[in-house]
Amino acid sequence: MGSHGYELIKNCNEEEKVHSFYARNKDIEMAMDISDQKNSTLSNNMNRRLVSLDVFRGLTVALMILVDDAGGIIPEINHSPWNGLTLADYVMPFFLFIVGVSLALTYKKLPCRVFASRKAIFRALKLFALGLFLQGGFFHGVNDLTYGVDIKRIRLMGILQRIAVAYLLTALCEIWLKCDDTVHSGSSLLWKYRYQGFVALFLTCIYLCLLYGLYVPDWEYQILIDYFSAPKIYSVKCGVRANTGPACNAVGMIDREILGIQHLYRRAVYTRTHECSINSPDYGPLPPNAPPWCQAPFDPEGLLSSMMAIVTCFVGLHYGHILVHFKDHRARILYWMIPTFCLVVFGLALDLFGMHINKALYTFSYMCVTAGAAGILFVGIYFMVDVCRYCRVTIIMEWIGRHALMIYILAACNILPIILQGFYSGKPRNNILKLIGIGK
């Protein structure tokens, strides 16, 4: 490692010990002040949790559960089959926006950048591994009480994996790429975090260049009907550039080449399009003369589309910076509404001129509109909860927001159904769900 690296880690250890010592003393002093009824107003203002962020997170989790459970009954609120925007399409950007805001609050004071980076990397790896376990296909037979996944066919990307990647890159930028300039206006705020803005701009340019510049050749895939017969091979004709349709886009091509088509999500969202389903926008049998790509795997949380997901995280980070550097409610709301308005208008204009809003590709227009919508909702919740203090009506959402990961795992990753269906009498069909009247 070298003497310089050793000294850096040693200094970080010393700084961490000193920081922990003063933090403990500060906690003791604050507890004594509260017990003596001195300076209680000041300590409450300094340590008051941002309730609106918890409420926003809880509302997003509740929205996710709603569209997951009701999307099959009401296809109109389920994810858009391709181009367009539905209620379900807001969930992922809202989560990423919240991650960005949280990172600005988490790393506003850094005792040591090396240890903060190590902690961020460790957290991201844990989240990625959890996503790989929960969404890689391990719990594929919930109703049959079976489990396990072929490593050759495990899904590599997913919701938690995308959040982990976005979290890691945004956290490292927040730790290392901010200057020491003093913030006194909106322009000085942008200048202080200019390098982070350059990273977001760079990711956007790379995404657009690859999406509209890469040549997509013809490709094929296999469908294994059973283990006793040969797989059926489908050929997809492309040979195009700058195509954003379901079959010949650069997003899918990059995932097929790098991740491997066997590691992609097998129930592609475009199977609900008119070309692929007679029940569109719901799932259904293939129509006559359906195109060959209808049954091909496609991952909505793939590699190229995750670049724009990271940019959404950077947008949330900017909103968090405003929260950190401006203490007046009016100033915060003003500096929040300016980028919110610009993002929504710009995204709708892009869609009008041909860059369609598309969640599966995570197009630039989709990023702008959904990030702007997240800003609108966040400002509204902030005004209601943290400014006007209407907290009683949002207490349930606040609780959900504080336990978001646990509820997500139980409700959206089949853990709760596994638990409920895992206890049965005599036969697996006689489980708890059937006893309470909702089992098959």
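Predicted model: local features only at pLDDT ≥ 70, side-chain atom pairs only at ≥ 80, totals over all residues.

Tutor: A disulfide here is a pair of cysteine sulfur atoms within 2.5 Å. Residues are numbered from 1 along each chain as its sequence is written, and side-chain values use heavy atoms, with hydrogens and water left out.

By that sulfur rule, the count is 2 disulfides. Let's start with Cys 276 and Cys 294, which are joined with an S to S distance of 1.9 Å. The torsion about their S-S bond is -80 degrees, and the link is left-handed. Both cysteines lie in the loop between H9 and helix H10 (303–325), so the bond ties together parts that are 18 residues apart in sequence. (Helices, H or I with at least four residues, and strands, E with at least two, are DSSP runs numbered from the N terminus.) Cys 276 is buried at a relative accessible area of 2%, and Cys 294 is buried at 2% too. Buried means under 20% relative accessible area, exposed means over 50%, and partly exposed is in between, using a 1.4 Å probe and protein chains only.

The other bond joins Cys 238 to Cys 248, with 2.1 Å from S to S. Its torsion is about -85 degrees, so this disulfide is left-handed. Cys 238 sits in the loop between strand S3 (232–236) and strand S4 (240–241), while Cys 248 is in the loop between S4 and helix H9 (250–260), so the pair ties together parts 10 residues apart in sequence. Cys 238 and Cys 248 are both buried. As for other cysteines, Cys 179 is buried at 14% relative accessible area, whereas Cys 391 is partly exposed at 26%.

Now the rings. Rings of Phe, Tyr and Trp (its six-membered ring) pair if their centres lie within 6.5 Å; planes under 30 degrees apart are stacked, over 60 edge-to-face, and the rest tilted. The whole structure has 18 aromatic pairs. In one of them, Phe 326 and Tyr 335 have ring centres 4.7 Å apart and planes at 35 degrees, so the pair is tilted. Phe 326 is buried at 10% relative accessibility, but Tyr 335 is partly exposed at 25%.

Trp 336 and Phe 378 make an edge-to-face pair, 5.0 Å centre to centre with 65 degrees between the planes. That pair links distant parts of the chain, 42 residues apart: Trp 336 is in helix H11 (residues 329–352) and Phe 378 in helix H12 (residues 364–387). Both Trp 336 and Phe 378 are buried. They belong to a cluster linked by ring pairs, whose members include Phe 56, Tyr 90 and Tyr 382.

The charged end of Arg 256 sits over the ring of Trp 219, 3.7 Å from its centre, and that of Lys 192 sits over the ring of Tyr 193, at 5.7 Å. The cut-offs are NZ of Lys or CZ of Arg within 6 Å of the ring centre and within 35 degrees of the ring normal.

Over residues 15–47, though, the pLDDT is below 50.

Note on methods
pLDDT = per-residue confidence, 0-100. Contact = heavy atoms within 4.5 Å.
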